Amino acid sequence: MSGETVLRVKDLYKRYGDRIVLKGVSFEIRKAEVKAIMGPSGTGKTTLLKCIDMLVKPDSGRIWLEDLELTDPRIDIGEARKKIGFVFQEFNLFHHLTAIKNVMIGLTKVKKLPKDEARTIAERALLKVHIERELWDKYPAQLSGGQKQRVAIARALAMEPMIMLYDEPTSALDPQLTGEVLEVIKELAEDGMTSLIVTHEVGFASEIADEIMIMMDGKIIERGDPRKVIHNPRREETRRFFSKILKIGDESR
Amino acid sequence: MNLMISLSKYLPYIFEGSLWSLGLVLGGLGIGFVIGVMFSLIQVYGSSPLRRLISLYVWFFRGTPLIVQLFLFHWSIFPALGIKSTPLITSITVLGLRSGAYQSQIFRGAIGSIEEKQMLAAKAIGMNDWDAISSIVLPQALRIALPQISNEYSIILKDSAICFILGVMELMTRAKYTAIATGIALIPYLMAGLIYIGLTYIGTKLFDLLYLKMRIPGSVEG
Ligand SMILES: Nc1ncnc2c1ncn2[C@@H]1O[C@H](COP(=O)(O)OP(=O)(O)OP(=O)(O)O)[C@@H](O)[C@H]1O
Ligand SMILES: [Mg+2]
């Protein structure tokens, strides 16, 4: 995998009160690369993604989006955020807006595009995540979980981000709805969308990711080729983690 | 019979009073809305000295009787500021300031009930604070607040009767003059009461319609 570095995270630290949640996280993602972050609950995965989008300020460490240093306090953070797509676990669609307006609002308010142009882009983004015309004027409360999450992906996508961050995009979904969302994420990745995905879906991660990073207690303890990390990890903690989630997966079947 | 005839001459006079009352109410409600939205935003997002100042304002207007506020503004504050006010202007201003105090608390509660994640999602697509507040938080908060604003309407309508004390030519004042002129108390005051009931009913029905129109399809609340 070649290409220039899109995202660079260096030695990131974050604490909440006296609890240190991120303890020196570093990694890079190059253009069109897909990386997955896995790890037990409460180990700082969401915090890491929020720091990258500057929704949470890291205490120390630096983050670059190509040449732009996001941790530089002088930059316009709104300007930076619109180049990063963020997909939340609970979708967080704007409740009072229809599907298509959810996608358009960033284009009209942030990018200041005229309405008809925003609409064209929004339509294209919605079709890309397989949300068909008859759903465009539905409100979030009228959509299924899988549809909501795909609209949320379209909302991020429409801003033409340089990278997409997904925070457990299918964890809030009924099992039969995860497929349609994972499929969309995979299609986007195959189209060359640089992606950083926090997920518990082992099969999905091993299929899509160029690299899996295992996060535990605020640190990345192991990283590498998916098959190797999942089936033949170097660390005992990694092995235990996978045997636990794979076992849970078996039981639920 | 003669009495009835002389009373009927006053009918248009009393009805015109209900227009004045409605003017007081809509003026007060409108001013209160603007103040309420602004002050609630400051109370939720503003700096702490400003927040304290607004708490003080709310404390005063919610903690004192309307009649005290009317007298204070008409006979003391406006003259001291060199403002030549009429009873109507003082009444609308005071009703507005007072309603602003109540409405700011209504909107503060409504804004507080919006999930923080809505704001987070707005920031994530690059919105600045003002865009996130004005196009995501406020539209949702207004919907939530609407039933309480409807309630505020029916309160301010009845409060407006107190403005007769300054001699504004609203419903209550005219009912009183009619009673004095004709020597009949029952009928003018009963009419005034019925008109207040009618205005309350029509107003809250209109708010109900507005609420249905603004309701977010598919949502369960309300
Ligand atoms: N705003 C906050 N204030 C205080 N503590 C927080 C805050 N956000 C997160 N934490 C704590 O930081 C730790 C890491 O949280 P984080 O959400 O990043 O974990 P996670 O790896 O995403 O977990 P999960 O798999 O459950 O989503 C947790 O112990 C959490 O309680
Ligand atoms: Mg998380």
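In this predicted model, A:Arg155 lies over the face of A:Phe94, at 4.6 Å from the ring centre. Chain B has such a charge over a ring too. There, the charged end of B:Arg174 sits over B:Tyr13, 4.9 Å from the centre of that ring.

Next come the aromatic pairs. Over all chains, 10 are counted. Two of them are set out here.

| Ring pair | Distance between centres | Angle between planes | Type |
|---|---|---|---|
| B:Tyr57 and B:Phe61 | 4.8 Å | 50° | tilted |
| B:Phe73 and B:Phe78 | 5.6 Å | 75° | edge-to-face |

B:Tyr57 and B:Phe61 are both buried. They belong to helix α3 of chain B, residues 48-63. Four residues separate them there, so they are about one helical turn apart. B:Phe73 is buried because its relative accessible area is 9%, under the 20% limit. B:Phe78 is buried as well, at 8%.

The surface of chain B carries a nonpolar patch. Its members are B:Ile67, B:Val68, B:Phe71, B:Leu72, B:Trp75, B:Ile162 and B:Ile165. Together they have about 590 Å² of accessible area. One of them, B:Leu72, is in helix α4, residues 66-80. B:Leu72 has a relative accessible area of 32%, so this residue is partly exposed.

Back in chain A, A:Ile77 is in helix α2, residues 77-81. A:Ile77 is partly exposed, at 26% relative accessibility. Leaving aside residues up to four places away in sequence, A:Ile77 touches A:Met54 and A:Leu70. A:Asp53 is 24 residues from A:Ile77 along the chain, with 8.8 Å between their C-alpha atoms.

Definitions and conventions: Residues are numbered from 1 along each chain as its sequence is written. Chains are lettered from A and ligands numbered from 1 in the order in which they are written. This is a predicted model: local features need pLDDT of at least 70, side-chain atom pairs count only at pLDDT 80 or more; totals for chains, interfaces and linings use all residues. Side-chain values use heavy atoms; hydrogens and water are left out. Helices (H or I, at least four residues) and strands (E, at least two) are DSSP runs, numbered from the N terminus. Buried means under 20% relative accessible area, exposed over 50%, partly exposed in between (1.4 Å probe, protein chains only). Contact means heavy atoms within 4.5 Å. Patches are made of residues with over 30% relative accessible area and no salt bridge: like charges are joined within 9 Å, nonpolar side chains (Val, Leu, Ile, Met, Phe, Trp, Tyr) within 5 Å. Accessible areas come from the Shrake-Rupley method with a 1.4 Å probe; for residues, only the protein chains shown count as cover. A salt bridge is a side-chain nitrogen of Lys or Arg within 4 Å of a carboxyl oxygen of Asp or Glu. Rings of Phe, Tyr and Trp (its six-membered ring) pair if their centres lie within 6.5 Å; planes under 30 degrees apart count as stacked, over 60 as edge-to-face and the rest as tilted. A charge sits over a ring if NZ of Lys or CZ of Arg is within 6 Å of the ring centre and within 35 degrees of the ring normal.
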